Amino acid sequence: MDYLLIQVLNGVQLGLLMFLLAAGLTLTFGIMDLVNLAHGSLYMVGAYLAWTFITWTDSFVLGALLALPATFVVGVLLEMTVVRRLYARDHLDQVLATFGLILFFNDLVRLVWGPAGKSIAVPSFLSHTVQILPGVPYPAYRFALIVVGSLVALLLAWLVARTRMGMLIRAGASNRRMIAALGVNIELLFSLVFGLGAVFAGLAGLMAAPIASVKIGMGDDILILAFVIIVIGGIGSIKGAFVAAMIVGQIDIVGRAFLPELLKAFLPPASASAAAPAISQVLIYVLMAAVLVWRPTGLFGQRT
Amino acid sequence: MTAKLFGSATIALAALALQPAGAQQSVKIGFVSTFSGPQAAIGEDMRRSVELAKEHLGGKIAGKPIEIVYEDDQFKPDVGKARSEKLVQQDKVSFVAGYIWSNVLLASLKTVTDEGDTILISANAGPSQIAGELCNKNYFSTSWQNDQTPMAMGDYLNTKGVKSLYVVGPNYAAGKDMLAGVKRTYKGKLLGEDYTKWPDQLDFSAELTKIAQAKPDGIFIFYPGAHGVQFVKQWVQAGLNKTVPLYQVFSIDAITLPQQGEAALGTLGAQEWVNDLPNEQNKRYVADFKKKHNVYPSYYGAQSYDAIMLIASAAEALKGDLSNKDKVRAELKKANFKSLRGDFKFNTNQFPIQNFYIQETVKDAAGMMTVKTIATAVKDGKDAYYDKCSMK
């Protein structure tokens with residue numbers, strides 16, 4: 001039972017990280033109709049900036065707090081210089097241009113921070129275990145990830161559902177021409193939304209850094225999953241991104257924790273534990289395909 | 001006008017005279033390793049050791065300058081293969097050395113040894129396939145066959161009386177060999193066996209939770225470089241370091257220790273080379289390396305140093321004439337050089353027959369994390385695949 005609980009928590013923690021990345025992606029895709037492949041680059045930039053600030057201030061929390069506004073600035077600058085020019089173009093042009101941005105960011109990071117990759121240590125006050133239930137230890141840093149991730153998800157839900165900016169975001173997601181016609185400063189809104197997406201991606205990057213590694217191209221692998229999540233959840237829907245990220249997180253953990261044992265019943269152990277992650281990867285795509293057949297706009301997407 | 005013409009002619013002649021003596025006149029060695037990304041620290045350690053070997057040779061082999069062309073495999077098999085092809089076809093090197101990763105080596109093997117008919121010296125990777133059915137007259141190793149180091153660890157776990165074990169490693173050629181190796185010799189109870197996605201999985205939460213549930217007497221891991229750093233840190237974060245000791249191969253070393261820090265203290269591992277092996281050449285290598293870079297060298301570096309010294313021994317014996325490949329191979333096969341691990345012989349499959357040691361993670365007198373030899377686990381060990389090799 002404890003084992004199950006911990007594995008479920010592992011899945012929640014992974015899901016929350018992916019949600020942070022997917023949230024920005026679904027906003028830019030849903031509201032600005034922009035396919036931004038370079039979203040993973042912002043995840044990487046956030047992690048590298050965090051590394052710089054953490055090294056500089058010698059404090060994880062302080063470094064993280066400085067890295068977030070810095071990532072916001074990078075996001076807004078990127079929107080104003082490059083991305084803004086892409087809104088009117090079709091999706092293929094956007095894919096091409098933002099793919100170029102990935103290459104640009106990867107080489108920029110190589111120039112600034114060098115090719116070797118960095119590592120961020122887990123802050124010392126979180127490098128032990130906490131008892132989530134009496135006698136059930138869980139790594140404190142991962143627990144903190146769950147807490148921070150949940151808080152950010154709540155904050156985002158509040159922002160979208162209860163504030164004026166959120167109202168504009170929702171309006172933009174359902175009909176963007178209409179809100180422009182109503183006299184909303186759409187340029188400013190888009191810059192802010194893009195910057196906000198960058199902050200969430202950067203937050204995901206810096207929180208993942210201590211349990212992964214800060215390296216060039218770190219966002220490229222996870223970006224594909226983030227796209228799958230926003231497609232499952234419904235493009236433009238924050239709630240959809242959250243639910244889909246949670247489902248994908250659990251599928252991933254099932255593939256690593258439970259499927260191997262199941263497969264070992266009729267396969268040699270080496271093949272079983274090799275096949276299980278592959279099957280869970282496939283399951284994620286099967287889920288996406290099923291959702292697309294059942295609800296072409298995703299679980300919480302706008303019906304058209 | 002004449003003066004001007006004369007002037008340019010002199011410059012042209014001078015330029016000719018200044019040109020390096022031409023490709024045939026140098027001993028040209030290609031070196032493939034990982035120089036970018038999170039595993040770049042390993043490549044850097046190897047490069048430093050190659051440069052040190054070059055320096056110890058006085059920059060020359062048999063009177064000819066040593067020319068080393070480094071190529072970055074970017075930790076990817078396809079890139080490694082393309083870079084190897086470039087070294088053989090375009091740079092026309094006489095030897096290709098290096099290779100950290102078994103999957104990169106397997107992808108590059110035929111390109112170098114068969115299509116290029118060039119001698120390949122692995123300074124790290126030792127996939128079982130190449131020790132057995134894929135063995136090749138152009139392939140030499142100054143490292144080991146993958147299974148051997150974990151086999152030594154398994155032997156030691158038996159003598160130490162570790163009753164049950166949980167083994168974890170990455171799901172690629174070397175990971176499978178390493179876990180096969182420890183399972184071949186370990187006699188206790190195997191409580192679990194997990195393979196993780198390589199190279200993208202750095203989060204071991206699910207596996208560590210399973211280990212905590214299984215309550216083994218020990219964990220055995222193979223996670224090189226950045227992955228080893230993460231596994232050891234997460235093992236501590238999960239609090240498992242208090243209950244389950246960690247036994248490892250290639251996961252705690254001079255590359256990873258600066259980041260693992262005290263978390264790794266007291267852990268045991270197996271290795272064919274340790275920085276405190278008491279032979280003269282090793283003392284000189286470690287001292288010079290530390291003086292230059294202020295860190296300990298790793299076995300990756302030591303094996304790379306040995307690869308260059310092996311090449312030098314063959315080229316010296318042939319007085320620098322590398323044109324007859326049969327003669328070069330015959331000389332290499334003698335392993336007539338002072339290896340940093342002490343002398344070794346090549347087996348029929350051209351992998352070393354050598355000792356394996358057990359090392360403990362400690363702090364040195366200056367407070368720097370390092371490893372020291374505590375026991376000899378295997379004497380003159382041969383790999384388990386050489387009888388499948390067609391070369392006898």
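Which residues does B:Ile121 touch, not counting residues up to four places away in sequence? Select B:Ile121 and show B:Phe95, B:Ala97, B:Phe140, B:Thr142, B:Ala307, B:Leu310 and B:Ile311, which are the residues that it touches beyond four places in sequence. Contact here means that the C-beta atoms of two residues, placed from the backbone, lie within 7 Å.

**Before going on**

This is a predicted model, in which local features need pLDDT of at least 70, side-chain atom pairs count only at pLDDT 80 or more, and totals for chains, interfaces and linings use all residues. Residues are numbered from 1 along each chain as its sequence is written, while chains are lettered from A and ligands numbered from 1 in the order in which they are written.

**The nonpolar cores**

B:Ile121 is among the residues with the most contacts inside the largest nonpolar core, which has 122 residues. Also select B:Val96, B:Met153, B:Ile219, B:Leu310 and B:Ile311, the others with the most contacts there. A nonpolar core is a set of buried Ala, Val, Leu, Ile, Met, Phe, Trp, Tyr and Cys residues joined through C-beta atoms within 7 Å. A residue is buried if 20 or more other C-beta atoms lie within 10 Å of its own, exposed if 12 or fewer, and partly exposed in between, with C-beta atoms placed from the backbone.

Next, colour helix α12 (residues 299-317) of chain B, which gives this core its largest share, 12 residues. Helices (H or I, at least four residues) and strands (E, at least two) are DSSP runs, numbered from the N terminus. The core draws at least three residues from each of domain 1 and domain 2 of chain B. In soluble globular proteins, nonpolar side chains tend to be buried together.

For a second, separate core, of 99 residues, go to chain A and pick A:Leu78, A:Ile120, A:Leu206 and A:Phe227, which are included in it.

**The two domains of chain B**

Colour 23-144 + 277-343 of chain B as domain 1 and 148-271 + 357-381 as domain 2. These bounds come from an automatic or database domain assignment. The C-alpha centres of the two domains lie 27 Å apart. Across the boundary, 19 residues of domain 1 are in contact with 15 residues of domain 2. On the domain 1 side, α2 and α4 (102-115) of chain B each supply at least two residues. That side divides into 13 nonpolar, five polar and one charged. In this count, Ala, Val, Leu, Ile, Met, Phe, Trp, Tyr, Cys and Pro are nonpolar, Asp, Glu, Lys and Arg are charged, and the others, Gly among them, are polar.

**Where chain B meets chain A**

Show both chains: 29 residues of chain B are in contact with 30 residues of chain A. On the chain B side, two or more residues come from each of α2 (40-56), β8 (189-196), α8 (205-214) and α9 (226-237). Of these, α9(B) gives the most, with six residues. This side of chain B has 10 nonpolar, 11 polar and eight charged residues.

Now centre on A:Asn10, in helix α1 (residues 2-32) of chain A. Is A:Asn10 buried or exposed? A:Asn10 is buried, because 27 other C-beta atoms lie within 10 Å. Leaving aside neighbours within four places in sequence, A:Asn10 is in contact with A:Ile253, B:Ser205, B:Ala206 and B:Thr209.

**A pair of helices in chain A**

Select helix α5 (residues 140-162) and helix α6 (residues 164-174) of chain A, which pack at an angle of about 75° with their axes 5 Å apart. The axes are lines fitted to C-alpha atoms, for helices over the stretch in contact, and angles run from 0 to 180 degrees between N-to-C directions. α5(A) and α6(A) are therefore roughly perpendicular to each other, a term for angles of 65 to 115 degrees, where under 35 is roughly parallel, over 145 roughly antiparallel and the rest oblique. The contact is made by A:Leu159, A:Val160, A:Ala161 and A:Arg162 of α5(A) with A:Met165, A:Gly166, A:Ile169 and A:Arg170 of α6(A).

**Backbone stops**

- Go to A:Asp33, in the loop between α1 and α2 (39-57) of chain A; its phi is near 55°, a positive value in a residue other than glycine.
- Go to B:Ala62, in the loop between β2 (60-61) and β3 (64-72) of chain B; its phi is positive, about 50°, although it is not a glycine.
- Finish at B:Pro199, in the loop between β8 and α8 of chain B; the peptide bond from B:Trp198 to B:Pro199 is cis, with omega near 0°.
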